[in-house]
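Notebook open, model loaded. I want to look at some helix packing and then at a sheet.

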Amino acid sequence: MEKKIISLALLLVFVLPSVAQLTARWGSIDVRYPATLGTSVPALKENRVEAWRGERVNFQMLVVNTNAQEHGELSVAYRFSELRSGRNIIPSTNVVGGFVQHVITDKFTGCGKHEVDAYGENLVADRITDTNPTIIPGGSMRGLWLTIQVPQDAEPGTYKGYVELECNSKVTRLQYTVKVLNRVLPSPKEWSFHLDLWQNPYAVARVHNVDVWSDKHFEILRPYMLKLASAGQKAITATLIDRPWDGQTFDPFGSMVTWIKKADGTWLYDFTIFDRWVEFMMSCGIDKEITCFSMIPWKLSFRYYDQATHSHKYINCAPGDEAYTKLWGGMLGAFSEHLKEKGWFEKTFISMDERSLQQMQAAIKVIKEYAPGMKISMAGNYHPEIEPDIYDYCLDIFAYGAYTPELIASRKAQGKVSTYYTCCSAEYPNLFTFTAPADAEFIALEALAKDLDGYLRWAYNSWTVTPEDDSRFTAWPAGDTYVIYPFSISSIRWERLVQGIQQFEKYRIVLAEAKANGNVSRVKALEKLLKSVDIRKISTDSEKMVNGFRKAVNKM
C-alpha cells in the first residue's frame, strides 16, 4: 500500500517562487501529500489541464513550511483568481477548494469488528478544508486543492488563472491553465451514470446538534444534498422501519414512517416525515428513485407504537411467517395508496441489501400480492431465480461477473438498472481514506468497462465520532463510512469520484456521436481505449489508466 500514501526515498526539491520560509509549487492530484518533511515526495508539476464546457477539473499545489524551528508555524492565506482567455472570463466564484488536512487512517482490514487502534495511527491527507488562512506548522507540508467548474456556456480557449498565497505580508503567485474544448458536458441532472450513495440524515442531526426533522435540520441538510446532486445522484435513501441495518453505523437510522397499532387492533401509518424528506430531496434535484429500506432488516424485529399501552413494542417475525405476511401486507397496501396519491409510485422501490435467496423470495411474494406493480431493488449477490423481479439490481464487486453481456442487454431493453458496489470487503477500487486518489476515479470507469449503469455505496455521510480528525471505525477500514465531511466539506476521494463519473459521461457522448456519424475508426479507437481499463492492474497502474483514459477521451 506504499503507493497509496506516497513514501518515496527521493530528494525533496522545491521550486520557486517562495516567500520567506514558505515554498510552493504545483503538484499532482494523484498524491496524498504527507504532513512532515521527513517523508520525501516525487518532483511533479501539473499546472495545465483540458476540460469540456460544463466539466469540473482539479489541481493540487504543494505548500511547504521549511522552518523546522520551535514555534515556526506560518499563517498562510490563499486567494483564487478568475481565469481569462482574451476577453472571456471564468469567474473566481467557479474556483473552490482549500488546504488538504490530514486525518487518522489505518489500513485495509476487510470486514469485521476490530479495535480502532489495532493497526496503529497513520495520518493521511484527505479533508479539503475551507479554513482561510490556515496555520502550517514548521517542518510540514500541505496540499492546496483547487476545483474549477467550467461554465457550460464558456467560450472554448486557453484560460489562465492563478493562486495567490499570502504569508507575513508577502505574496506568492502561481499560474495554471485550463484549455476549454469545444464540447459540452450536460448538467449533472442529465448524467446517465446511476450514482446511489446512501444518505444518513441522522448523522447530520447529531454532528450539528439539532433535533431530527426540525426546520433547522432541513436547513443544515441542504448543502450536503446539493453537493450530492452535483455528482448526479439518482436515489433518495428512505427508511420504512426503525434500524433497518441494526447498529452498523455510529448514528443508527430511524424510521421515516410511524407504525401505530390502534387500541382497536387496526393499524395506522403516519407518512409525514417520509413525505417531508422525499419532497426536500426532490427540491435538491435528486428525484429519479426513492429506495425504501427494508422489508428484511438485519435484525428481524419491527418496532411500532402500541396505542393501548402508550408504549413502543416489537414484532419479531421472518419472511415466510404468517405474522410477517400480515404485518407487511397491511403496510404495503397503505403505502401503495399513499404513493399513488403523491404521484411517486412509479419511482419508489422496496429495497433490500445482502439478503438470502429464500428471504428475498418470501418478501417478493408479499410485495406482489399486496402492492402489485411496486418496483424492487436489491444490493447483494446474484440470484438468477429472482433476477426478473429486481428492477434495480446492484451486485457486489466480487459477484458482478454474473452480469453476462446477454443479461445486461436484456435488462437494458427492459429499462432496468444494473450496477455494482464496493464495501469493506474490497481493497480496491474503493473510497477508504488511505485509498489512492486515482482509484476513486477508476470506480466509474470500471462500470463503463463492464457496460453497467453505475455504482452504489452504502455510506455518503455515516460519520464516525469525530470524522474530521479520525476516520477509523470499529467494524471496517478507515473512511468506509463516509466520503464527505461535516459542514459539507469535500475530500480528495469525493473530487476524484466525481471526476471519474464525468469521464463515464464524456466517453458515452463521444461513442454515441461516432456511431451516429458512422465514424468506424473512432468507434474502434474508443473500444480499444475501453479495453485499457483493466481492474486486474489497479493495484499498480490506476494512475496510468485513469489519466491516460481522460487524456484520450479529450482528444476524440
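Predicted model: local features only at pLDDT ≥ 70, side-chain atom pairs only at ≥ 80, totals over all residues.

In which hand does H8 cross H9? I looked it up: H8 passes H9 in a right-handed crossing (the near helix is turned clockwise from the far one by less than a right angle).

Residues are numbered from 1 along each chain as its sequence is written, and side-chain values use heavy atoms, leaving out hydrogens and water.

Next I checked the geometry. H8 (residues 437-449) and H9 (residues 492-516) pack at about 30 degrees with axes 7 Å apart; axes are lines fitted to C-alpha atoms, for helices over the stretch in contact, and angles run from 0 to 180 degrees between N-to-C directions. The two are therefore roughly parallel (angles under 35 degrees).

I then listed who touches whom (heavy atoms within 4.5 Å). Among them, Ile 443 and Leu 448 are on the H8 side, Phe 504 and Tyr 507 on the H9 side.

On to the sheet: I find an open one of eight strands, ordered E14-E25-E24-E23-E22-E21-E18-E15, with parallel pairing (at least two DSSP bridges between two strands). Its edges are E14 (194-197) and E15 (235-239). E15 pairs with E18 (residues 289-293) over five bridges, and Ala 235 stands opposite Glu 289. Helix H4 (residues 272-283) lies across E15 and E18, at about 165 degrees to E15.

Methods: Helix = DSSP H or I, 4+ residues; strand = E, 2+ residues; numbered from the N terminus. Parallel < 35°, antiparallel > 145°, perpendicular 65-115°, else oblique.
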